[in-house]
Amino acid sequence: MSIKFAARPIVAFVFASFLSFLCAAQQTPPANPAPSTPQTEPSAKPAASGQDAQSPALKQTPSDNDKDGQSTSGQGKNAGTSNDRLFLALPNFLTLENAGKVPPLTTAQKFKVVARGSFDKIEFPWYGILSGISQAENSEPGYGQGWEGYGKRYASAFADGTIENFMVGAVMPSILHQDPRFFQTSEGGFAHRAGYAVSRIFVTRTDSGHSQFNYSEIIGSALSAAISTNTYHPRSFITTRYDPTTNGLTYVYNASSRTLPNTLSVWGTQLAYDTITIVIKEFWPDVHRKMNHKHSADSNQAGNSNP
């Protein structure tokens with residue numbers, strides 16, 4: 001699962017770009033703030049407490065459900081999910097903003113939304129880029145070089161990401177009856193919100209709305225690391241190379257990727273990657289609104305300048 005390590009430069013760049021927007025965006029008020037008087041919806045189920053640090057009075061409003069063709073807090077193609085995309089590209093279907101009272105996802109819905117994100121069209125070029133970086137670094141030499149090596153790295157990267165997505169977002173949440181969604185909050189300053197986001201790696205909510213240790217994330221990512229690292233990643237192998245000093249061949253031992261230390265390293269990298277991603281998810285709605293506001297202001301200025 002070396003693709004996680006190949007992804008680090010890209011993740012660092014995206015995170016740095018995100019922080020550059022954040023200074024201007026963190027003071028942006030959330031869209032459609034909660035009404036001062038709670039409203040009662042006969043069809044709504046009781047509000048769940050725990051992972052979402054939202055007030056029970058927060059409700060979804062029609063304007064939340066579709067902003068520029070994207071849903072950041074309302075119903076996606078599956079009820080209780082969103083149509084949002086991080087940086088307008090990467091699937092962010094399990095994040096809800098100002099969610100208020102939402103029903104738990106069924107097992108079928110958990111698997112459906114994870115499949116929708118895992119096989120989204122943007123994932124194919126995304127893994128292609130990461131595989132190219134991995135090949136350039138010659139990570140896991142057992143895959144070799146050339147198109148054959150690239151194909152193996154691409155298949156491995158896609159399988160790594162897909163297995164983790166399903167284990168963390170569908171399989172374990174279904175078995176343990178935990179909610180795989182991230183409920184973004186707009187309350188508090190940067191430190192409070194960042195701390196809340198980081199804590200979601202270890203704390204989640206159950207389908208019944210109670211706070212619980214996030215077994216789905218911790219155990220699910222460990223299982224995915226163990227499955228992928230110890231099944232289709234390269235075994236140890238021996239290669240030969242010409243040694244001009246001895247005018248003969250030298251045998252070179254290449255270590256296996258299927259080791260416990262490597263599995264633990266991959267597991268830790270997955271948790272770190274997921275933590276960064278959740279922090280980005282927490283602040284992305286602010287950045288998105290800031291971008292939309294700037295675009296609208298530029299459009300108005302351009303329109304006013306025309307004779």
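**Close-up 1. His177 in the loop between α4 and β4.** At 51% relative accessibility, His177 counts as exposed, where exposed means over 50% relative accessible area, buried under 20% and partly exposed in between, with a 1.4 Å probe and protein chains only. His177 is found in the loop between α4 and β4 (182-184), helices (H or I, at least four residues) and strands (E, at least two) being DSSP runs numbered from the N terminus. Although His177 is not a glycine, its phi is positive, at about 60 degrees. Most residues other than glycine have a negative phi. The model is predicted, so that local features need pLDDT of at least 70 and side-chain atom pairs count only at pLDDT 80 or more, whereas totals for chains, interfaces and linings use all residues. Residues are numbered from 1 along each chain as its sequence is written, and side-chain values use heavy atoms, with hydrogens and water left out.

**Close-up 2. Arg181, in the loop between α4 and β4.** At 1% relative accessibility, Arg181 counts as buried. For the protein, residues 24 or more positions apart account for 70% of the contacts with a separation of 6 or more, contact meaning heavy atoms within 4.5 Å.

**Close-up 3. Leu88, in the loop between β1 (85-86) and β2.** Phi of Leu88 is near 60 degrees, which is a positive value in a residue other than glycine. At 43% relative accessibility, Leu88 counts as partly exposed.

**Close-up 4. Helix α2 and what covers its buried residues.** Helix α2 (residues 107-118) has twelve residues and reaches 17 Å from its first C-alpha to its last, close to the 16 Å expected at 1.5 Å a residue, the expected span being 1.5 Å times one less than the number of residues. The buried residues of α2 are Gln109, Lys110, Val113, Val114, Arg116, Gly117 and Ser118, and what covers them includes β2 (90-91), α3 and α4.

**Close-up 5. The crossing of α2 and α4.** The axes of α2 and α4 come within 9 Å and cross at roughly 160 degrees, where axes are lines fitted to C-alpha atoms, for helices over the stretch in contact, and angles run from 0 to 180 degrees between N-to-C directions. That angle makes α2 roughly antiparallel to α4, since angles over 145 degrees count as roughly antiparallel, under 35 as roughly parallel, 65 to 115 as roughly perpendicular and the rest as oblique. The crossing of α2 and α4 is right-handed, a term used if the near helix is turned clockwise from the far one by less than a right angle, and left-handed if anticlockwise. On the α2 side the contact is made by Thr107, Lys110, Phe111, Val114, Ala115 and Ser118, and on the α4 side by Phe158, Thr162, Asn165, Phe166, Gly169, Ala170, Val171, Pro173 and Ser174. By class, this contact has eight nonpolar, six polar and one charged residues; Ala, Val, Leu, Ile, Met, Phe, Trp, Tyr, Cys and Pro count as nonpolar, Asp, Glu, Lys and Arg as charged, and the others, Gly among them, as polar.

**Close-up 6. The crossing of α3 and α4.** The axes of helix α3 (residues 123-136) and helix α4 (residues 146-176) come within 9 Å and cross at roughly 125 degrees, which makes α3 oblique to α4. This crossing is right-handed. Residues of α3 including Phe124, Tyr127 and Ser131 meet residues of α4, among them Arg153, Tyr154 and Phe158. The residues of the contact of α3 with α4 divide into six nonpolar, nine polar and one charged.

**Close-up 7. The crossing of α4 and α6.** The axes of α4 and helix α6 (residues 215-229) come within 8 Å and cross at roughly 135 degrees, and the two helices are therefore oblique to each other. α4 passes α6 in a right-handed crossing. Among the residues making the contact are Ile163, Met167 and Leu176 of α4, together with Ile219, Leu223 and Ile227 of α6. The residues of the contact of α4 with α6 divide into ten nonpolar, five polar and three charged.

**Close-up 8. Gly268, in helix α7 (residues 260-305).** At 36% relative accessibility, Gly268 counts as partly exposed. The C-alpha atoms of Gly268 and Ala225, which lie 43 residues apart along the chain, are separated by 9.3 Å.
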